[in-house]
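The stops below can be selected one after another.

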Amino acid sequence: MKRENRSKRRVGWCLFSLALLFTIAASIPAQEGAKPKRFLTKPLVIEDQGSFFIGGAPKVTTYATVPPPNAPNQANTPNQITIGQMYVQFQIPARRKAKTPPVIMVHGSSHTGACLESTPDGREGWEPYFVRHGISTYVVDQAGRGRSGFDESVIHEGAAMIMKGDIENGTARIPAFGRITDNGAWTAWFGHLVPAGSTILTGNLIRHGDPGDPPTDTAIHGNNYYPAYPIGAVDPNIVSRVGAPASNPAGPSNYYALDYYKQLVPNAEVTLPGSTCASCDPQTISPANTWTPQNLAMLVEKLGGAIVATHSQSGIMGHHMVRILKERGHLDLLKGLITIEGSCSLSNSGLKAEDFDNIPYMALKGDYTATSEVCKTTVDAINARRAAGHGTAKAEYVKLDEQGNPIFNGTTHMMMLGTNNLEVADVILNWVDENVPPKAKNGKSKR
């Protein structure tokens with residue numbers, strides 16, 4: 001009887017085990033189907049990664065916080081906060097490319113370093129791609145933006161003055177936050193709002209190359225010439241306006257729902273103080289061109305030398321950084337400056353063409369952007385010194401729409417996020433290979 005019971009138990013366990021195995025086996029395909037999409041083109045081998053903050057200054061203020069709601073007239077106590085610091089994240093490859101300095105990447109207006117990490121449709125971004133090519137890469141959030149934080153005390157101070165009746169002075173203390181809107185990004189880089197003179201409540205967004213694209217576009221590019229950008233990556237909840245607190249735009253809905261728009265943030269660096277520069281024109285320097293350039297110069301010094309790649313708004317910040325390095329006697333630590341669709345003004349940043357005698361310089365533009373006269377002037381001025389026998393570092397204005405390669409057709413202002421983002425990255429990497437360090441007159445690299 002005991003043997004019979006044991007046999008029944010064995011049969012029961014066997015049946016249970018088989019059922020469990022079938023359940024596990026059946027769940028494997030479902031689990032595999034639920035795996036998140038891989039962003040990287042292949043595994044990335046790194047030696048180190050992390051983040052830190054650089055720069056900043058202490059500020060003592062009675063407006064770091066606001067009085068509690070039940071005691072609005074209670075006086076605040078003094079506190080210290082740190083303002084103007086810059087967030088830096090980095091990755092160091094396990095196998096570094098010989099004699100290639102680190103690269104510091106700087107985002108533009110209304111963005112953070114997120115635009116350099118990966119694309120809105122889940123592909124490899126410039127940061128990991130540069131690391132994959134053996135280059136230590138540092139990505140920053142501009143001072144006053146994103147993870148770098150901003151100075152909330154100026155807003156609290158202005159609000160307190162208004163509440164006490166000093167409306168004029170209180171209003172003057174509250175800075176105006178700029179930002180790129182969703183439809184503003186669309187009309188600046190991807191298409192148009194039609195008909196002319198309409199708003200998003202009365203008109204429609206169209207893409208470059210769509211039917212109805214203005215003649216000024218079709219004359220240059222022709223029909224069916226679309227932005228090289230993941231416009232198909234949209235959030236269905238935003239398409240259906242889930243949680244939308246106000247009016248719906250006229251349409252089309254998908255063009256108002258790009259995943260890319262979620263990267264856009266206010267330019268909160270306006271809460272920081274500005275500065276003056278005796279050699280600059282104009283001499284009054286905005287907060288944006290005060291703190292990030294200072295911090296970039298400190299980061300270049302901390303790394304013992306680096307290439308700096310800026311984008312859009314941060315283009316002139318890179319040039320102010322050059323001025324600061326020059327003032328500190330550390331111009332030799334800048335191993336290259338790459339200005340992507342940004343300003344290249346020398347006079348604005350207090351520089352001269354001779355400051356780039358030993359610094360490789362590249363200005364880069366995409367497909368839809370007109371030639372920048374200020375960048376052309378700067379590159380021409382640097383090359384004029386080469387023609388006169390001064391300096392060895394190459395200066396070049398690279399226009400992707402003149403490369404004769406169809407892969408660059410439709411390259412937008414946000415080229416680091418485009419469908420051809422890695423091909424654009426290759427242009428930069430190849431330029432670095434050929435020009436950093438600069439070549440001496442005998443054709444050999446200057447070390």
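The tour goes through salt bridges and then a surface patch.

This is a predicted model, in which local features need pLDDT of at least 70 and side-chain atom pairs count only at pLDDT 80 or more, while totals for chains, interfaces and linings use all residues. Residues are numbered from 1 along each chain as its sequence is written, and side-chain values use heavy atoms, with hydrogens and water left out.

**Salt bridges.** A salt bridge here is a side-chain nitrogen of Lys or Arg within 4 Å of a carboxyl oxygen of Asp or Glu. The count by this rule is 20.

Select Arg 132 and Glu 124: their side chains form a salt bridge at 2.8 Å, N to O. Both residues are buried (under 20% relative accessible area; exposed is over 50%, partly exposed in between, with a 1.4 Å probe and protein chains only).

Next, select Glu 301 and Arg 328, a salt bridge at 2.9 Å, N to O. This pair links distant parts of the chain, 27 residues apart: Glu 301 lies in helix α8 (residues 288–303), and Arg 328 in the loop between α9 (315–327) and β12 (334–340). Helices (H or I, at least four residues) and strands (E, at least two) are DSSP runs numbered from the N terminus. Glu 301 counts as partly exposed because its relative accessibility is 23%; Arg 328 is partly exposed, at 36%.

Then select Glu 117, Asp 141 and Arg 147, which a network of salt bridges links.

**Surface patch.** Finish with Phe 150, Phe 177 and Val 270, a nonpolar surface patch with about 240 Å² of accessible area together. Patch residues have over 30% relative accessible area and no salt bridge; like charges are joined within 9 Å, nonpolar side chains (Val, Leu, Ile, Met, Phe, Trp, Tyr) within 5 Å. Accessible areas come from the Shrake-Rupley method with a 1.4 Å probe, and for residues only the protein chains shown count as cover. Val 270 sits in the loop between α7 (236–239) and β9 (275–276).
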